[in-house]
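Hi,

Here is the structure I promised to pass on.

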Amino acid sequence: MTCKHCDKEMKRTVSARIILVIYLLTVAFVCFWHFNNVFTETRHFLGIEMDKIVHFLMFLPFPPLAYASAGRVFRKQAHIILFISTVFAIGAAVAVSIEVVQSHLPYRSADPKDLMANVIALAVGCFCVYILNSSRKK
């Protein structure tokens, strides 16, 4: 016999993992699909290229989704820092891999500024996870 709270937490964790997989598949689709002339002209928002904002918004959810998929609150400082560091490293590896693959696609190109936007988003997302975990711990 299991408690209702445990069942609810398990369902929440499984749901978060499903959402994480859907998110990763969506990122892969957006990064590798051949879109015909979607961004033909460079648009800016607050002086930042829209493409970089899209990259930022694309990678920002990764740390919170990974945290939700873990299904737990980290009680020890060292554990949350290790978790965040691992999530950041995995996200950065994915971002670098995307740029490398795009550099080999005839209809895409690699851009170091895209990578920078991705990494900044990961850092912001990891910071948010740290704050969230600290507030849930209390």
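Below is what turned up, starting with the ground rules.

This is a predicted model, so local features need pLDDT of at least 70 and side-chain atom pairs count only at pLDDT 80 or more, while totals for chains, interfaces and linings use all residues. Residues are numbered from 1 along each chain as its sequence is written, and side-chain values use heavy atoms, with hydrogens and water left out.

Let's begin with the core. A nonpolar core here is a set of buried Ala, Val, Leu, Ile, Met, Phe, Trp, Tyr and Cys residues joined through side-chain atoms within 4.5 Å; buried means under 20% relative accessible area, exposed over 50%, and partly exposed in between (1.4 Å probe, protein chains only). The largest such core has 23 residues, and Phe59, Tyr67, Ile80 and Phe83 touch the most other members. At least two residues come from each of α1 (4-32), α2 (50-59), α3 (62-70), α4 (77-104) and α5 (112-137). The largest share is from α4, with seven residues. (Helices, H or I of at least four residues, and strands, E of at least two, are DSSP runs numbered from the N terminus.)

Next, the aromatic rings. Rings of Phe, Tyr and Trp (its six-membered ring) pair if their centres lie within 6.5 Å; planes under 30 degrees apart are stacked, over 60 edge-to-face, and the rest tilted. There are four aromatic pairs in the structure. In one of them, Tyr67 and Phe74 have ring centres 6.4 Å apart and planes at 40 degrees, so this pair is tilted. Phe74 is buried as well, at 6%. Tyr67, Phe74 and Phe83 make up one aromatic cluster.

And which charged side chains pair up? Searching the whole structure gives two salt bridges (a side-chain nitrogen of Lys or Arg within 4 Å of a carboxyl oxygen of Asp or Glu). In one, Lys52 meets Asp111 at 2.7 Å, N to O. Lys52 sits in helix α2 and Asp111 in the loop between α4 and α5, so the bridge ties together parts 59 residues apart in sequence. Lys52 also forms a salt bridge with Asp114, again with the closest N and O atoms 2.7 Å apart. Asp114 is in helix α5, 62 residues from Lys52. Through shared partners, Lys52, Asp111 and Asp114 form one network.

Cheers
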